[in-house]
Amino acid sequence: METNVILKRPLPGLSRRRLQTFVKRACHASGLKGGITVLLTRSREMRSLNSRFRGKDRATDVLSFPASATAGGFAGDIAIAFDVAARNARQLGHSVAQEVEILALHGLLHLAGYDHESDHGEMARKEQRLRARLRLPTGLIERSSNGTAPPPAAARMRA
């Protein structure tokens, strides 16, 4: 499985190598097969992607773009807004690197076919188990259900 990470800006405590290593571990833990590209960019670009692919003219924290069935060994793309991740990390009292990993895990689960908006808690349970295994703090779905942060703006996209 090839993991490609594109950092549009350096982030404190988060190198390309660290994120690649995390994504590989998370893919293995979740059972997701295939290559993945992860883009860390500004919320302005995320707003553009969200508008273009979801018809929602607002920034979001993470977007997932599953590959088509004919992509042959490629699982899909994940885009993460690093400025939103930094703001969330400050609010929740953990590092930006941990927040990016939380968002990447959430995006990976969407690539694996989970959808927290319609799966009656299946994705939330899987995310909680994987966060514990990967030693990550509170995840997106759990935050929105217990009111510790704004509801997740994550989205699953069809390529």
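Student: In this predicted model, where does Thr3 lie, and is Thr3 buried or exposed?
Tutor: The model is predicted, and in it Thr3 belongs to strand β1. Its relative accessibility is 6%. Buried means under 20%, so Thr3 counts as buried.

Student: Which residues is Thr3 in contact with, leaving aside its neighbours within four places in sequence?
Tutor: Neighbours within four places in sequence are set aside here. The contacts of Thr3 are then Gln20, Val23, Lys24 and Ile36.

Student: How many helices and strands does the chain have, and what pattern do they follow?
Tutor: The chain has six helices and five strands. Read along the sequence, the pattern is β-α-β-α-β-β-α-α-α-α-β.

Student: What share of the residues of the chain count as buried, and what share of contacts between residues at least 6 apart in sequence join residues at least 24 apart?
Tutor: The chain has 159 residues, and 48% of them count as buried. For contacts between residues at least 6 apart in sequence, the share joining residues at least 24 apart is 64%.

Student: What span should helix α1 have, and how far apart are its end C-alpha atoms?
Tutor: Helix α1 takes in residues 16–30, which is 15 residues. At 1.5 Å a residue, α1 should span 21 Å. The end C-alpha atoms agree with this, being apart by 21 Å.

Student: Which residues of α1 are buried, and what arc do they cover around the axis?
Tutor: Leu19, Phe22, Val23, Ala26, Cys27, Ala29 and Ser30 are the buried residues of α1. They lie on the same side of α1, because around the axis they cover an arc of only 160°.

Student: Which residues are exposed on the other side of α1, and what do the buried residues of α1 pack against?
Tutor: On the other side of α1, the exposed residues are Arg17 and His28. The buried residues of α1 pack against two strands and two helices, namely β1 (3–7), β2 (35–41), α4 (96–111) and α5 (122–134).

Student: Which residue follows α1, and what is its phi?
Tutor: The residue after α1 is Gly31. Phi of Gly31 is positive, near 85°.

Student: How are α3 and α4 placed relative to each other?
Tutor: Helix α3 takes in residues 82–92, and its axis and that of α4 come within 8 Å. These axes cross at roughly 115°, and α3 passes α4 in a right-handed crossing. The two helices are therefore roughly perpendicular.

Student: Which residues of α3 and α4 meet?
Tutor: From α3 come Ala85, Ala86, Asn88, Ala89 and Leu92. In α4 they meet Val96, Glu99, Val100 and Leu103.

Student: How are α4 and α5 placed relative to each other, and which residues make the contact?
Tutor: The axes of α4 and α5 come within 11 Å and cross at roughly 135°, so the helices are oblique to each other. Their crossing is right-handed. The contact is made by Leu105, His106, Leu109 and His110 of α4 with Met123, Lys126, Glu127, Leu130, Arg131 and Leu134 of α5.

Student: Where is Arg135, what is its phi, and is Arg135 buried or exposed?
Tutor: Arg135 sits in the loop between α5 and α6 (140–146). Most residues other than glycine have a negative phi. Phi of Arg135, a residue other than glycine, is positive, near 60°. With a relative accessibility of 72%, Arg135 counts as exposed.

Terms used:
Residues are numbered from 1 along each chain as its sequence is written. This is a predicted model: local features need pLDDT of at least 70, side-chain atom pairs count only at pLDDT 80 or more; totals for chains, interfaces and linings use all residues. Side-chain values use heavy atoms; hydrogens and water are left out. Helices (H or I, at least four residues) and strands (E, at least two) are DSSP runs, numbered from the N terminus. The expected span of a helix is 1.5 Å times one less than its number of residues. Buried means under 20% relative accessible area, exposed over 50%, partly exposed in between (1.4 Å probe, protein chains only). The arc is that of the directions from the helix axis to the C-beta atoms. Contact means heavy atoms within 4.5 Å. Axes are lines fitted to C-alpha atoms, for helices over the stretch in contact, and angles run from 0 to 180 degrees between N-to-C directions. Angles under 35 degrees count as roughly parallel, over 145 as roughly antiparallel, 65 to 115 as roughly perpendicular and the rest as oblique. A crossing is left-handed if the near helix is turned anticlockwise from the far one by less than a right angle, and right-handed if clockwise.
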